[in-house]
Amino acid sequence: MSHDIAVIGGGPAGLSAAINARVRNKTVLVVGNDYRESPLYRAERVDNYLGMPGLTGAQLLDAYQRHAEDMGVEFRHGRVLNIMPMEHTCYLSIGTDMEEAGAVILATGVSRGKKFPGEAEFLGRGVSYCATCDGMLYRDKQVVVVGLAPDAAEEANFLQGLGCRVTYVSGKAPEGLDPAIAYVRATKLEIVGEASVTALRAGDEEIPCQCVFLLRHAIPPTDLLPALELENGYIRVDREMRTNLPGVFAAGDCTGLPLQLSKAAGEGLIAGQKAAEYLDGL
Ligand SMILES: Cc1cc2nc3c(=O)[nH]c(=O)nc-3n(C[C@H](O)[C@H](O)[C@H](O)COP(=O)(O)OP(=O)(O)OC[C@H]3O[C@@H](n4cnc5c(N)ncnc54)[C@H](O)[C@@H]3O)c2cc1C
C-alpha cells in the first residue's frame, strides 16, 4: 500500500515526525516494534523533559502513542529489512511484504551490539534476519534462532511449526518457547561454514545447522540503505534532517549525540515538516 511518508521506528523521534507530518495533512505509516518493548518503557523517572519532570518512561511512551493514534497515524508492527529508493517512491520490505512511500524518515535509534563473527560473510548463505521470509527454505532442516528481540521466541515457534528443527540460543531463557525447541544459553557466538553455514558455535557448543536466524530489535541503517552516508558512526544529516539520499530524512538517536528525548522529539518535528515540504515540491 502507498503512503505519503513512511517512518521507520516508533520511538520519540519517529512519533514526533509522524504527528508533524499529519499536521501537514500527509498520510503516515510508522513501522516498528511494540513500543512497550522499548528499554525507555522501563525507565523509572525522566527528569529533563521540559515541563513534565518525574514521569516514568511508560507514562511518556503511552502518551506519545495515544497522541499519534489520535492524529490518525497508521501503525504496522515489524522490522523493515530493506529500503529501495527509486525515483519519487521508496519501497520498504517488511518480512515478506512491501510498503511504498513518497518519503522515508529513519528514526531507528541506535543499534546496540556488534555483528557476530561470520554474520556479514554468510548473510544470504545461511544467515537470515527474517523468519517469515526465509523459513520455508529450511523446512526439515536444522536451524538456530538467536533471540535478541522480545518476539524472537514467537518466530522460533513459527519456524518449528513450519517443520524446521529449531534450536534457540540466547543469554536469557525466553518466555513462551515451544517445549519441543531445544534451548542453549550462550552469548559468545560465531557462525561457521564453507560455501554456506554449517554450524553455530555457542559458547563451548557447536550446533550443526543450515541457517542461523539472527532476530534483533533494530537493524543498522546502512544495512537498510547501503548508500547512506554516516559521520562518526551516525547518519549524516543537514539542519533540515535530510540525508545524502533524496526523499530520505533521519531524526533522533540515529543521527548522533546527545542521545536524549528532547533532541529526538525536536529532530522528529523538523524531519516530519521537511519531508512534507519535500513531497509538496515534487
Ligand atoms: C533506560 C533509559 C532511560 C533513559 N532516560 C532518559 C532520560 O531521563 N532523559 C532523556 O532525555 N533520555 C533518556 N533516555 C534516552 C532516550 O530514551 C532516547 O534518546 C530516545 O528514546 C531516542 O528516541 P529515538 O526515537 O531516536 O530512538 P528509540 O527510542 O531507540 O526508538 C527507535 C525505534 O526504532 C525501532 N527500529 C530500529 N530499526 C528498525 C527497523 N529496521 N524496523 C522497524 N523498527 C526499527 C527500534 O526497535 C526502536 O523501537 C533513556 C534511555 C533509556 C534506555
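Predicted model: local features only at pLDDT ≥ 70, side-chain atom pairs only at ≥ 80, totals over all residues.
How many bridges pair strand E8 with strand E14, and is the sense parallel or antiparallel?

**Entry 1: the five-stranded sheet**

I found that E8 (residues 142-148) and E14 (residues 211-216) pair over six bridges, in the parallel sense. For one example of residues facing each other, I noted Val 146, which stands opposite Leu 214 in E14. Then I traced the rest of the sheet. It is open, with five strands in the order E7-E14-E8-E9-E10, and the pairing is parallel. I also wanted to know which strands stand at the edges. They are E7 (127-128) and E10 (182-185); each has a single partner strand, so one side of each is left without a neighbour in the sheet.

Next I checked what helix H5 (residues 152-162) does here: H5 packs on the sheet and touches E8, E14 and strand E9 (165-170).

**Entry 2: the three-stranded sheet**

I turned to another open sheet, with three strands in the order E11-E12-E13 and antiparallel pairing. E11 (189-193) and E13 (205-208) are its edge strands, each pairing on one side only. From one strand to the next, I have the twist down as averaging 25 degrees. Strand E12 (residues 197-202) runs antiparallel to E13, and four bridges join the two. I looked up the partner of Arg 201 as well; in E13 its bridge partner is Glu 206.

**Entry 3: the ligand**

How many residues surround the ligand? I have 28 in my notes, and the closest are Asn 33, Asn 48, Val 80, Asp 253 and Leu 261. Sorted by class, the shell holds 15 nonpolar, 11 polar and two charged residues.

Then I went through some polar atoms. The side chain of Asn 48 has an N or O atom 2.8 Å from a nitrogen atom of the ligand. A polar backbone atom of Ala 13 is 2.9 Å from an oxygen atom of the ligand. At Leu 259, a backbone N or O atom lies 3.3 Å from a ligand oxygen atom. As for cover, the ligand on its own has 990 Å² of accessible area, and the protein covers 82% of that.

I stopped at Pro 258, in the loop between strand E17 (248-250) and H7. The peptide bond joining Leu 257 and Pro 258 is cis, with omega about -5 degrees.

My last stop was Asp 140, in the loop between helix H4 (131-134) and E8. Asp 140 is not a glycine, yet its phi is positive, about 65 degrees.

Technical notes:
Residues numbered from 1 in each chain as written. Heavy atoms only, no water. Pairing = 2+ DSSP bridges. Contact = heavy atoms within 4.5 Å. Axes fitted to C-alpha atoms, helices over the stretch in contact; angles between N-to-C directions. Near = heavy atom within 4 Å. Polar contact = N/O pair within 3.5 Å; in protein donor to acceptor, adjacent residues only side chain to side chain. Areas by Shrake-Rupley, 256 points an atom, 1.4 Å probe, with all protein chains shown as cover. Nonpolar A, V, L, I, M, F, W, Y, C, P; charged D, E, K, R; others polar.
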